[in-house]
Amino acid sequence: MEIMKLVPVGKECLWGGRRLKKEFGKTFDIDCLGESWECSVHPDGECMIANGSFEGQTLSRVLKIKPEYIGTKFSGCFPILAKFIDANRQLSVQVHPGDEYARINEHDNGKTEMWYVLDADTDACLIYGFAHPVNEDILRKAVLDKTLDKHLQKIPVRKGDVYYIPAGTVHGIGAGILLAEIQQSSNVTYRVYDYDRQDKDGNKRELHLEKAIKVLNMDVSQDVSQGIRLINYYPGCSRQIVCRCKYFDVEKVEASIGFDFSVLETSFQLLMCFDGSGEVWIDNDFGEHWKNDNHTDIMPFSANCYDNSFHINFSKGDTLFIPASAGRCHLRGKCQLLKVRC
């Protein structure tokens, strides 16, 4: 069993910029790089494997050969898509459908997502839900009159903020925001409003208002104020749970020296590095002792760890896939990362 470094897929977007190239080492031949799909088996952008026995193959192909790599929680269906996003300009006002509507009408999954803000300009903000209850007539008139903005809730954004966006929530990422996004494996987006922008051919981009109306939550959105998130300190690292939902668990881990962790049979894990560097490997000699009865997967730092298996070096901008049932793993280095499992 091997840890796999993933080759991302770049997406050109009219609102994209150059930060993912300059700061995260992305090498796509794209001028306005809006998204780097870091872990994806979606047909609209499939990641490849950069190392080891499966080098050059797509992750989706590997998971067909080795479905047990996904884990027992999601049998046969890879559940998520992970991205880095650079919003040099504001995105459209949009909404994503839930599972039932998407599967019937789009033959895709619904799209619930979360954002971890990596950086933000001083005056950056995002759209999250409605400022007051609306209805179909209000929405149609507001889009036609170009007054939708007054109905939307604007949220100031700071580095380190976390936002959970359930399917059905109207939203939009504002200009000057760099973030990591963890979402369901889906590529269904309904544009509600797009500021009359034109694509590269001079045409206004398509809106999907009628579909959006069918899936939108038109009530006032829940409170999105940032609550206090507990930070747990371990020898060599700190750990902070930033999002838990039915589709994924996301933790921010900051390593000062390193940490040991276990990957159980229930789920694969992703490591998305957004600062620093390090190395990680599976402890193949540790046997059955890696299993934690309390399912706490970050364990005390072990200075004298086993060192008999293939090491993967990583740095800022890299994403690693660790198969389910990998067992005890070791990470050494000084870095910040998002650790994702399902």
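I count helices (DSSP runs of H or I, at least four residues) and strands (DSSP runs of E, at least two residues), numbered from the N terminus. The model is predicted: local features need pLDDT of at least 70, side-chain atom pairs count only at pLDDT 80 or more, and totals for chains, interfaces and linings use all residues. Residues are numbered from 1 along each chain as its sequence is written, and side-chain values use heavy atoms, with hydrogens and water left out.

**Entry 1: the whole chain**

I looked up the elements and found five helices and 22 strands in the chain. The radius of gyration is 21 Å, close to the 20 Å that the globule rule gives for 342 residues, so the chain is as compact as a globular protein of that length. That radius is taken over C-alpha atoms, and the globule rule is 2.2 Å times the number of residues to the power 0.38. Along the principal axes, the C-alpha atoms fill a box of roughly 65 × 40 × 35 Å.

I then looked up burial, where buried means under 20% relative accessible area, exposed over 50%, and partly exposed in between (1.4 Å probe, protein chains only). Of the 342 residues, 57% count as buried. The accessible surface comes to about 15,300 Å², and 47% of it belongs to carbon and sulfur atoms. Areas come from the Shrake-Rupley method with a 1.4 Å probe; for residues, only the protein chains shown count as cover.

For contacts, I use heavy atoms within 4.5 Å. Among contacts between residues at least 6 apart in sequence, 78% join residues at least 24 apart.

**Entry 2: strand β17**

I checked strand β17, residues 258-263, and found six of its six residues buried, so the strand is largely enclosed by the rest of the structure. Gly258, Asp260 and Ser262 are buried on one side, and Phe259, Phe261 and Val263 are buried on the other. Strands pair if DSSP finds at least two bridges between them. I found six bridges from β17 to β22 (residues 327-341), and the two strands run antiparallel. Phe261 stands opposite Cys329 of β22.

I looked up Lys83 in strand β5, residues 80-87. Lys83 is buried, with a relative accessible area of 2%. A polar contact is a pair of N or O atoms within 3.5 Å; within protein, one must be able to donate a hydrogen and the other to accept it, and residues adjacent in sequence count only if both atoms are side-chain atoms. The side chain of Lys83 makes such a contact of 3.4 Å with the side chain of Glu35, and another of 3.1 Å with that of Gln183. Leaving aside neighbours within four places in sequence, Lys83 is in contact with residues including Trp37, Lys111, Leu179 and Met272.

I found His42 in the loop between β3 (33-39) and β4 (48-49). His42 counts as buried at 7% relative accessibility. Its side chain has a polar contact of 2.9 Å with the side chain of Asp108. Beyond four places in sequence, the contacts of His42 include Trp37, Leu81 and Ser185.

**Entry 3: helix α4**

I asked which residues of helix α4 (residues 136-145) are buried, and noted Leu139, Ala142 and Val143. They cover an arc of only 95° around the axis, which puts them on the same side of α4. The arc is that of the directions from the helix axis to the C-beta atoms. Asp137, Lys141 and Leu144 are exposed on the other side. The cover over the buried residues includes β8 (125-130), β13 (190-193) and α5 (209-215).

At the N-terminal end, Asn135 caps α4, with a side-chain oxygen 3.1 Å from the backbone nitrogen of Asp137. Just after α4, I noted that Lys146 takes a positive phi of about 60°.

**Entry 4: loop residues**

I noted a positive phi of about 60° at Tyr195, although this residue is not a glycine. Tyr195 sits in the loop between β13 and α5, and counts as partly exposed at 25% relative accessibility.

Ser325, also not a glycine, has a positive phi of about 70°. I found Ser325 in the loop between β21 (319-322) and β22, where it counts as partly exposed at 36% relative accessibility.

Last, I looked up Asp123, in the loop between β7 (113-120) and β8. Asp123 counts as exposed at 68% relative accessibility. Asp123 and Pro156 are 33 residues apart in sequence, and 7.2 Å apart in space, C-alpha to C-alpha.
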